[in-house]
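My entries are in the order in which I made them.

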Amino acid sequence: MRRRLLFTGFNAFGQHNASNTERTSGRVNALTEISLPDDSAGKIILALSWRYTAYAVGKKLWLQGLLVSKPEERLEVHASEEIKALAACDAHCLVLLQSGQLYKLRAELNATLQAVKLEAPSAKRNIFGQAKEADEISITHIACGSHINVAITAGNAVYSIPSCLHRFPQGSWRVRQLECGHEHALLLNGNGDVYSWGNGLRGQLGHESLGVEERPLLLEPLAGIKITHIAAGGWHSAAISAFGDLYVWGWNCNGQLGMRVMKPDGLLKEPTVYPLPQLQDLPACCAAVEAEADVCAPIKAYAGSRHTLIQCSCGRLWACGWCAHGQLGQQPSKLAYLDSFNAMQQLPKDCDYNVVCGPWSTLIALSE
């Protein structure tokens with residue numbers, strides 16, 4: 001099996017080895033094949049910040065980009081065991097090992113892996129006000145944004161690292177997916193229910209009222225609809241149902257919801273914030289006849305700071321939102337944003353791929 005990485009978007013700090021990066025803008029305007037810092041065999045795990053990229057293969061981890069003072073700086077560290085997941089924000093990268101142990105790696109040269117200590121779910125503080133640490137907590141999911149760091153344990157405890165926010169029932173209740181925007185988090189469970197918490201002042205939580213939710217709250221507008229995939233952008237969110245329906249909500253300042261920014265007359269703006277999930281249709285795909293429309297149904301959603309990508313079952317990728325840095329790939333228009341879904345460059349057929357969105361970039365890992 002051959003693996004390839006395709007990148008498009010902001011690359012001013014040499015986060016990726018892309019030869020066609022524009023010198024003045026630091027952007028890559030089309031999906032371009034890039035190389036890994038190391039040719040080690042194994043599964044690639046990726047996480048993108050605006051100023052660096054984190055790669056992991058086996059026990060090895062690299063950070064590449066602007067770490068201290070100049071572009072193309074690189075840090076390599078080795079974990080004690082195989083790395084399971086990464087989550088990157090401006091200041092640090094969270095590193096989850098296969099054993100369930102969590103570490104933090106600061107985004108700077110000479111940094112080392114630091115173990116993250118979580119408080120016990122019902123932590124009591126000693127006479128000095130210090131919380132007791134939890135014993136041998138196994139973590140299953142991690143995610144982070146500019147102002148939020150989240151971990152989920154095997155016991156269904158939700159952490160705003162290092163404090164426990166909430167504990168869901170154990171047993172049949174399980175976490176399927178965890179995503180973070182800049183200030184909010186989304187959680188999808190095995191039953192297809194979506195929970196959200198964090199800052200919702202731009203409607204990114206999907207609740208009727210705008211505000212801050214300190215603990216996971218069921219997204220009532222989607223209750224009863226089995227959701228199979230979720231995405232959290234900077235200040236917007238998306239979800240896909242088992243029926244192939246796409247729902248979007250939150251901030252639409254650059255068309256990242258696939259909805260018009262300006263009214264047809266071009267003089268007045270449409271609403272910028274959509275606090276409740278909106279059912280969104282994609283353009284006709286692959287000339288599929290109506291009877292076979294499910295062949296091109298949405299199956300996965302991905303989101304950057306202000307852009308959104310939707311993967312269909314036929315393999316096509318649709319994109320909308322801010323594209324000033326080339327994060328939507330090669331587009332016919334030179335506009336700074338696209339407020340409707342447009343097809344990205346055609347990907348090679350007969351290949352599996354996974355998409356990772358950074359704040360201002362998009363990276364696709366292909367397996368051929």
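**Entry 1. Ground rules.** I am working with a predicted model, in which local features need pLDDT of at least 70 and side-chain atom pairs count only at pLDDT 80 or more, while totals for chains, interfaces and linings use all residues. Residues are numbered from 1 along each chain as its sequence is written, and side-chain values use heavy atoms, with hydrogens and water left out.

**Entry 2. Whole protein.** I looked up secondary structure and found zero helices and 28 strands. Both come from DSSP runs numbered from the N terminus (helices H or I, at least four residues; strands E, at least two). I then looked up burial: 52% of the 368 residues are buried. Buried means under 20% relative accessible area, exposed over 50%, and partly exposed in between, with a 1.4 Å probe and protein chains only. The accessible surface comes to about 17,000 Å², and carbon and sulfur atoms hold 48% of that. Areas are from the Shrake-Rupley method with a 1.4 Å probe; for residues, only the protein chains shown count as cover. For contacts (heavy atoms within 4.5 Å), I noted that 49% of those with a separation of 6 or more are between residues 24 or more positions apart.

Entry 3. Strand S23 (residues 298–303) is joined to S24 by five bridges, and the two run antiparallel. I count strands as paired if DSSP finds at least two bridges between them. Lys300 stands opposite Gln311 in S24.

S24 (residues 307–312) also pairs with S25, antiparallel, over five bridges. Here Gln311 stands opposite Leu317 in S25. I checked the turn of this second hairpin: four residues lie between S24 and S25, and Gly315 among the turn residues has a positive phi of about 105°.

S25 goes on to strand S26 (residues 337–343) through four bridges, again running antiparallel. In that pairing Trp318 stands opposite Ala343.

Why do I call strand S25 (residues 317–322) largely enclosed by the rest of the structure? Six of its six residues are buried, so the description holds.

**Entry 4. Cysteines.** I searched the whole structure for disulfides, meaning cysteine sulfur atoms within 2.5 Å, and found zero. Cys312 counts as buried at 1% relative accessibility, and Cys323 counts as buried at 11%.

**Entry 5. Aromatic rings.** A pair of aromatic rings is described by the distance of the centres and the angle of the planes. I used rings of Phe, Tyr and Trp (its six-membered ring), paired if their centres lie within 6.5 Å, with planes under 30 degrees apart as stacked, over 60 as edge-to-face and the rest as tilted. The search of the whole structure gave nine such pairs. One is Phe10 with Phe13: the centres are 5.6 Å apart and the planes are at 85°, so I logged it as edge-to-face. Phe10 is buried at 10% relative accessibility, as is Phe13 at 18%. Another is Phe168 with Trp173: the centres are 4.1 Å apart and the planes are at 10°, so I logged that pair as stacked. Phe168 is buried with a relative accessible area of 6%, and Trp173 is buried with 11%.

Which residues share an aromatic cluster with Phe10 and Phe13? Trp50, Trp322 and Trp360 do.

**Entry 6. Charges over rings.** My criterion was NZ of Lys or CZ of Arg within 6 Å of the ring centre and within 35 degrees of the ring normal. The charged end of Arg306 sits over the ring of Trp322, 4.1 Å from its centre. The charged end of Arg202 sits over the ring of Trp251, 4.6 Å from its centre.

**Entry 7. Two loop residues.** Is Glu208 buried or exposed? Glu208 is exposed, with a relative accessible area of 71%. I placed Glu208 in the loop between strand S17 (194–199) and strand S18 (212–218). Leaving aside neighbours within four places in sequence, Glu208 is in contact with Pro275 and Leu276. The C-alpha atoms of Glu208 and Leu219, eleven residues apart along the chain, are separated by 9.6 Å.

Ser49 lies in the loop between strand S3 (44–48) and strand S4 (52–57). Ser49 counts as buried at 4% relative accessibility. With neighbours within four places in sequence set aside, Ser49 is in contact with Ala88, Cys89, Asp90 and Pro359.
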